[in-house]
Amino acid sequence: VGGHGIDISLANYNTFIRSTATVNATGSRAINFAGASSNTITQCYFINTSDTAMELYNGSNNNFVGQSTMIGGPSGNWYPSGIKLSNAAQNTLTQNRIIHSSGYGITYQFGAKNNTVSFSTITGDASGTSGIYVEFASTNTFTDSYIQGSTAAYIYNSVGTSIRSSVLVATNPIGHALRLSNGSINFSLSSNTLIGGSQAAGIFL
């Protein structure tokens, strides 16, 4: 289809189980949350072969996404991702597989706060992108996950990001397992395995 596969706008307390949505459209999403809260996604499969697979924004809060697969594909847009969050809070993502073939695994931007990712595999496969990219966001947690990208985790101008009990792998020889930049503060790193590129530091602050 040319638009969103599933569009959840200003809709709360809905449940999707064992569902599939596939699109091939730049600027569209396989599943789109706009001002949508307290929804549950379980054992679903979302793919956009031309952009971001799932996006939560404009006050999409307290949603649960579990045991699901999100796959994004090549796009000319900024920050194409498996999952993208902005102005979205207290969402829980657990036991998911999150992949982008030429972009970012997960992107948090502009007011994404108090979100948690756990027990997930997160992969961003393009040169110059990252498994997770956190920008102008606060108090987000990643735990018990496998995170892979050109640089595995890139934290930019963000506050209170926590990464615990995870494996971070940089696939680019000059990529880092973890990079913090532009005033990121109150960052926490605990009980992780970090593998940087062969020509780069594992952690770059």
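In which strand is I203 found?

Reply: I203 is found in strand β25, which covers residues 203-204. The strand names follow DSSP runs numbered from the N terminus, a strand being a run of E of at least two residues and a helix a run of H or I of at least four. The model is a predicted one, in which local features need pLDDT of at least 70 and side-chain atom pairs count only at pLDDT 80 or more, while totals for chains, interfaces and linings use all residues. Residues are numbered from 1 along each chain as its sequence is written, and side-chain values use heavy atoms, with hydrogens and water left out.

I203 has a relative accessibility of 39% and counts as partly exposed. In this scheme buried means under 20% relative accessible area and exposed over 50%, with partly exposed in between, using a 1.4 Å probe and protein chains only. Together with L189 and L205, I203 makes a nonpolar surface patch of about 290 Å². Such patches consist of residues with over 30% relative accessible area and no salt bridge, nonpolar side chains (Val, Leu, Ile, Met, Phe, Trp, Tyr) being joined within 5 Å and like charges within 9 Å. The areas come from the Shrake-Rupley method with a 1.4 Å probe, and for residues only the protein chains shown count as cover.

Two strands are said to pair if DSSP finds at least two bridges between them. Within the sheet, β14 (residues 116-118) and β17 (residues 141-143) pair in the parallel sense over three bridges, and S118 has T143 as its bridge partner in β17.

Strand β4 is joined to β7 by four bridges, with Y57 in β7 as the bridge partner of A34.

Side chains of opposite charge can pair when their charged atoms come close. A salt bridge here is a side-chain nitrogen of Lys or Arg within 4 Å of a carboxyl oxygen of Asp or Glu, and the count comes to two. One joins R29 to D51, at 3.5 Å from N to O. Because R29 lies in the loop between β3 (20-23) and β4 (31-34) and D51 in the loop between β6 (45-48) and β7 (54-57), the pair ties together parts that are 22 residues apart in sequence. The other joins R29 to E55, at 2.7 Å from N to O. This pair links R29 with E55 in strand β7, 26 residues apart. Shared partners join R29, D51 and E55 into one network. R29 is buried at 8% relative accessible area, D51 is buried at 1%, and E55 is likewise buried.

G128, in the loop between β15 and β16 (130-135), is exposed at 60% relative accessibility. Leaving aside neighbours within four places in sequence, G128 is in contact (heavy atoms within 4.5 Å) with Y104 and S150. L10, in the loop between β1 (6-9) and β2, has a positive phi near 55° although it is not a glycine, and is exposed at 73%. Q43, in the loop between β5 (40-42) and β6, is another non-glycine residue with a positive phi, about 55°; Q43 is partly exposed at 35%.
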